[in-house]
Structure formats: structure tokens, C-alpha cells
Amino acid sequence: MTTAIHVQGLTKRYGDVQAVAGIDLEIKQGEVFAILGPNGAGKSTTVEILEGYRTRDAGEVLVLGTDPQKPTREWRTKLGIVLQTANDAAELTVREMVRHFAGYYPRSRDPDEVIAKVGLTEKADVRVRKLSGGQRRRVDVALGVIGNPQLLFLDEPTTGFDPEARRQFWDLIKGLAAEGTTILLTTHYLDEAEALAGRVAVIAKGRIVAEGDPATLGGRSSAKARVSWLGGSEETDTPTRLVQELADRFDGEIPGLAVSRPTLEDIYLTLIEAPHV
Ligand SMILES: Nc1ncnc2c1ncn2[C@@H]1O[C@H](COP(=O)(O)OP(=O)(O)OP(=O)(O)O)[C@@H](O)[C@H]1O
């Protein structure tokens, strides 16, 4: 597979703050990759360097084969960007706005189809400034994908979404990924990273502290399981054996049985609190 994003030894300092302290990333075309990390970890700085909005101090960066500090017009048309800040409270209607942006791209998608994909068909003729915060965020997403990007950057895309809108958004992203769009996502929602990303990186204080499949990150899949039942709870390496023993003890159904492993959130919290961070 071809490389979509190549980063090696990336650093960025603002005065006394070392925002990015040596990051390496290799993201293939077609991957959905999530960057996780606490406030101030360096996620936005990293992503904005990749998008060409900020300069770096040192390191190699290639995005779709181009150095973002030497952008071309053609390169820009291959990127879709959804920033953290919501769009201006525009006087345009949703449809006018999406059509307007479609005009900037050589291979844009059909505006009405994109409006439908973000769940705004019923609001297509409403002025953007009259939409709720979550609905405006959907307009942001529509504008990010209207150009039919090869690589889509999503910076905390579902902040302010209600649970139903978040699920619809996930379906949209899964659909884009299935069509082959490479997606780089930053999020504070670990369930979102888990639902969407094939790989995640956890950044803390400007460094990557863990990287991999969200299902196995930080030894998650081999961690002890907790078996709980009505009247008891135990951590064990052999949950199947314990469940068998309990079944014998209760002579059948075990009341209130639950078997759980650490969630991605449990692992994430251990990673960012670890002493090496
Ligand atoms: N323009 C700037 N000037 C000075 N310092 C900055 C600037 N932008 C970011 N920083 C600092 O760099 C560090 C990393 O910030 P960054 O915005 O990359 O973090 P983040 O991981 O995206 O955080 P969040 O989750 O809050 O969005 C922080 O300490 C921040 O205060």
C-alpha cells in the first residue's frame, strides 16, 4: 500500500513550550487513524503542520507525497479539512454554502448527496446561522468532504453532536473509508476512536506513548478479565475456568454474570498517567 502520511522526528516549540517533541508516524492510504491525547498534548499542532497551516521546527513530513510547507494547488484539492472551530454564522443556506464550496474543487461530490449524508436534507434551505451548534458542525463536515478528498483531516469532529448524530456521523465516516478515503482523526471520545479507527496513537506531552490497534493497545487484550456475579467479583487470567466453576457452584445459570476486560478508556488513562509521560 502507498504511504499517505510520513512523519519522522517532527518537533515544534512555541517559546518555552515543546508542543511536539519528536513524533514519527506512518499512515497508509485507506487507513483510518486516530490521534488521542489530553488537552495540550500536541495533537492540533501536529495535525495543523500536516495540513500546511503551521511550520515545523525540524523533521521530515510528507503528506500525499508533498511537503506541506511547499504546497501546490493540486495537492490542496486532494485534502479535506474539518477544523475544530465551527464555520462563521453565514447568511447562506446550507445548500448554497455546500454548492459554493463545491465550486472550489475539480472533482467535487454532488452537493445534495453530501447534505443527505450528513443528515441535513431537511435543513438544506435554512440559513446556516439559524442552525444549532451540532447542525453547524455537520455543515463543517459536509464542507470537508464536498471536494471528494483523498485524505480527510477531522479535528474533534463530533463535539456537540447528540448520540444519534454521532452514530450517523460514524456511518458517514465508515462509508468514506470503505470508498478508500484515508482519514486522520483527533478525538477525545475513546468509543469514537474504537468504532472508527484501525489504528490509534496516544500522544502525551508531544510524544507518542502508545500506538496500535485499539483492541490490543497497551496489552488490553491480554489484560486480566474481571468476572462478576451477584455476590462476588474476581480478576483472573482464566475467566472461562472461573465461569465454569461458578456454573457448577450455582448448578446452572450464574445470577448477574458479567465478564469484562479493560476498556480503551481504562488503558488510555493508564498510558497518559504513566511515569514516563
Ligand atoms: N500558537 C501557539 N502559541 C503558543 N503556544 C501554543 C500555540 N498553539 C499551541 N500552543 C501550546 O502548545 C501545546 C500543544 O497544543 P495543541 O493545541 O497542539 O494541543 P492539543 O493536543 O491539540 O490540545 P486540545 O486537546 O486541547 O485541542 C500546548 O501547551 C499549547 O498551549
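Strands here are DSSP runs of E, at least two residues long, and are numbered from the N terminus. The model on screen is predicted.

**Stop one: a loop residue.** Select K205. K205 sits in the loop between β8 (199-204) and β9 (207-212). Check its phi: the value is near 45 degrees, which is positive, and K205 is not a glycine. Most residues other than glycine have a negative phi. Is K205 buried, exposed or partly exposed? With 17 other C-beta atoms within 10 Å, K205 is partly exposed.

**Stop two: another loop.** Go to D251. This residue lies in the loop between α8 (239-250) and β12 (258-260). D251 also has a positive phi, about 55 degrees, although it is not a glycine.

**Stop three: strand β7.** Now select residues 182-186. Five of the five residues of β7 are buried, so the strand is largely enclosed by the rest of the structure. Show the side chains. T182, L184 and T186 point one way. I183 and L185 point the other way.

**Stop four: the partners of β7.** β3 and β7 run parallel, joined by four bridges. Which residue stands opposite L184 in β7? F153 does.

**Last stop: the crossover.** Select helix α6, residues 163-178, and keep β6 and β7 in view. Together, β6, α6 and β7 make a right-handed β-α-β unit.

Notes
Residues numbered from 1 in each chain as written. Predicted model: local features only at pLDDT ≥ 70, side-chain atom pairs only at ≥ 80, totals over all residues. Buried ≥ 20, exposed ≤ 12 C-beta atoms within 10 Å, placed from the backbone. Pairing = 2+ DSSP bridges. Right-handed = clockwise from strand over helix to strand, strands pointing away.
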